[in-house]
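Opening my notebook on a new protein. I'll jot things down in the order I looked them up.

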Amino acid sequence: MRLVLYSGGVDSTTALFWSMQTQETQALLFAYPSRHNAQELAHACAICEAHHIAYHTMDASALFAGFASGLLAPNGASGAIVHGHYDANALASLVVPFRNGIFLSIASGLAQSLGAGEVVLANHAGDHPIYPDCTSAFIESMGAAIASGTGGAVRLLSPFCALDKAAIVKMGIALNIDYAQTYSCYEGGARHCQKCPTCLESLEAFAQNGLNIER
């Protein structure tokens, strides 16, 4: 069995459906104090329920108390989210320190408890320059730590580590994913702002695959 870290966004939704093609798969959703988490959780739960996918919701809110990141509320609630394309300098303030490391540690413990032999993270090549816990070096090191820490019971999979978002969307089209049901916006509003970096990246990936999707 596999446990997929699931946010309800484009990448993790594709990873979830990709995993289900070959393995029994469950999803792990995190509640944590990011601006967009409420919308992410609502969309992730809706997708799981619509497709009868078993899922677990873990409240990790307390773990991020005191973390310095403009993406976390109330820390960043009064500041403006950067609009435009990804830029390492402009977005440095939005990085949540070691978020994937924290999530993967929790996921690995739950996976071992459930008897799941693999944990799936949907990081991709476009993440690497900005997020240090999305790099291939991080995946290799964290994968080794997970394998060692679980006595070899759990393995980390990163199927999109070398892919860009357009390639991920192309894969999702083949899996018949309805991307209109996903959520990927830093602003956290009911509708996508279409201006923040993650919105623009998704729009460009959709366009490159001939999709015109309103979210």
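Entry 1: an exposed asparagine. I started at asparagine 176, which counts as exposed because its relative accessibility is 69%. The cut-offs I use are buried for under 20% relative accessible area, exposed for over 50%, and partly exposed in between, with a 1.4 Å probe and protein chains only. Asparagine 176 sits in the loop between helix 6 (165-174) and helix 7. I also noted its positive phi of about 60°, although asparagine 176 is not a glycine.

Before going on, a note on what I'm looking at. This is a predicted model, where local features need pLDDT of at least 70 and side-chain atom pairs count only at pLDDT 80 or more, while totals for chains, interfaces and linings use all residues. Residues are numbered from 1 along each chain as its sequence is written, and side-chain values use heavy atoms, with hydrogens and water left out.

Entry 2: another positive phi. Phenylalanine 98 is not a glycine either, yet I found a positive phi of about 55° there. I placed phenylalanine 98 in the loop between helix 3 and helix 4 (99-114). With 46% relative accessibility, phenylalanine 98 goes down as partly exposed.

Entry 3: the overall layout. How many helices and strands are there in the protein? I got seven helices and five strands; these are DSSP runs, H or I of at least four residues for helices and E of at least two for strands, numbered from the N terminus. Reading from the N terminus, I wrote the order as β-α-β-α-β-α-α-β-α-β-α-α.

Entry 4: size and packing. The radius of gyration is 16 Å, which agrees with the value near 17 Å that a compact globule of 215 residues would have. That radius is taken over C-alpha atoms, and the globule rule is 2.2 Å times the number of residues to the power 0.38. Along the principal axes, the C-alpha atoms fill a box of roughly 45 × 40 × 30 Å. Of the 215 residues, 51% count as buried. For contacts (heavy atoms within 4.5 Å), I looked at those with a separation of 6 or more, and 72% of them come from residues 24 or more positions apart.

Entry 5: cysteines. A disulfide needs a pair of cysteine sulfur atoms within 2.5 Å. Cysteine 161 has its closest cysteine sulfur in cysteine 134, at 8.5 Å, which is also too far for a bond. My disulfide count is zero. Cysteine 48 is buried at 0% relative accessibility, and cysteine 161 is buried at 14%.

Entry 6: serine 61. I found serine 61 in the loop between strand 3 (55-59) and helix 3 (88-91). Serine 61 is partly exposed, with a relative accessible area of 31%. Leaving out residues up to four places away in sequence, serine 61 touches Ala31, Tyr32 and Pro33. Glycine 8 is 53 residues from serine 61 in sequence and 18 Å away in space, C-alpha to C-alpha.

Entry 7: asparagine 209. This one is in the segment after helix 7 (197-208). Again leaving out residues up to four places away, asparagine 209 touches Ala166, Val169, Lys170 and Ile173.
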